[in-house]
Amino acid sequence: MTKAEKIAFTIKTLQELYPEIPVPLDHKDPYTLLIAVLMSAQSTDVRVNKITPLLFAKADNPYDMVKLSVDEIREIIKPVGLSPMKAKGIHGLSQILIDKHEGEVPQELEHLEELPAVGHKTASVVISQAFGIPAFPVDTHIHRLLYRWGFTNGKNVVQTEKDAKRLFPKEIWNDLHLQIIWYGREYSPARGWDLEKDIITKTIGRKTVLNEYYKKKKTR
């Protein structure tokens, strides 16, 4: 298979498996999505989705959020982990949104990245999922899968994002990054990986990854 055929096969498989693509984090507007994505760092979406309703019941906009103290926010979001840093970030960015952006979440990547506790990935998720602007946020699933599929050398997420944007058509980035995430969770996880169920990696996977998998299987 040529590189182009591998890309076409991957896109087709993902589109067939996930014609409807749910957004993993529950939210109702750009602000609640921004807060949910920030909270999801080194946590699971399931855990975040349990905690955000508790936080948003008290404050679902920057004006109400700054009325809470950093300690109050930290207390609510403690179960998601890294709560001191995240609480500070949530309070700080809410204040900046009020001071600089009239309480609205900006649509520009560079303005989002200026907010405390908001990195490139968080900003990319927000512009793609809240505003429909093409972006390709790379999380651990996408990083792992694009390496397994031979589409990137996997050195770091910055390189993986560059390669993804180069290989895949811009008009499908927003759907595709979510389809890859769902596929990674369901068929190609980091642990407990069964290659027989992982149709994409089995068909187009990087040879060294496949050889390593079979070698490990033999020694078990």
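Charges to begin. The protein chain carries 32 positive and 28 negative charges, and their mean positions are 11 Å apart. Lys and Arg count as positive, Asp and Glu as negative; His and the chain ends are not counted. Each charge is placed at NZ of Lys, CZ of Arg, CG of Asp or CD of Glu.

A word on the source. This is a predicted model, where local features need pLDDT of at least 70, side-chain atom pairs count only at pLDDT 80 or more, and totals for chains, interfaces and linings use all residues. Residues are numbered from 1 along each chain as its sequence is written, and side-chain values use heavy atoms, with hydrogens and water left out.

Now the fold. The protein chain has 13 helices and 0 strands. These are DSSP runs numbered from the N terminus: H or I of at least four residues for helices, E of at least two for strands. The radius of gyration is 19 Å, close to the 17 Å from the globule rule for 220 residues, so the chain is as compact as a globular protein of that length. That radius is taken over C-alpha atoms, and the rule is 2.2 Å times the number of residues to the power 0.38. Along its principal axes, the C-alpha trace spans about 55 × 40 × 30 Å.

What share of the 220 residues counts as buried? The figure is 46%. Buried means under 20% relative accessible area, with a 1.4 Å probe and protein chains only.

Next, the cores. A nonpolar core is a set of buried Ala, Val, Leu, Ile, Met, Phe, Trp, Tyr and Cys residues joined through side-chain atoms within 4.5 Å. The largest one has 33 residues; Leu34, Met39, Leu55, Ile77, Ile90 and Leu93 have the most contacts inside it. Helices H2 (30-39), H3 (45-58), H5 (70-77), H6 (83-101) and H8 (120-129) each supply at least two residues of this core. H2 gives the largest share, 8 residues. A second, separate core has 23 residues, including Phe151 and Leu176.

Take Leu93. Contact means heavy atoms within 4.5 Å. Leaving out residues up to four places away in sequence, Leu93 touches Tyr31, Leu34, Ile35, Leu38, Leu115, Pro116 and Val118.

Last, Thr10. It lies in helix H1 (residues 3-17). Is Thr10 buried or exposed? Thr10 is buried, at a relative accessible area of 0%.

Key: Buried means under 20% relative accessible area, exposed over 50%, partly exposed in between (1.4 Å probe, protein chains only).
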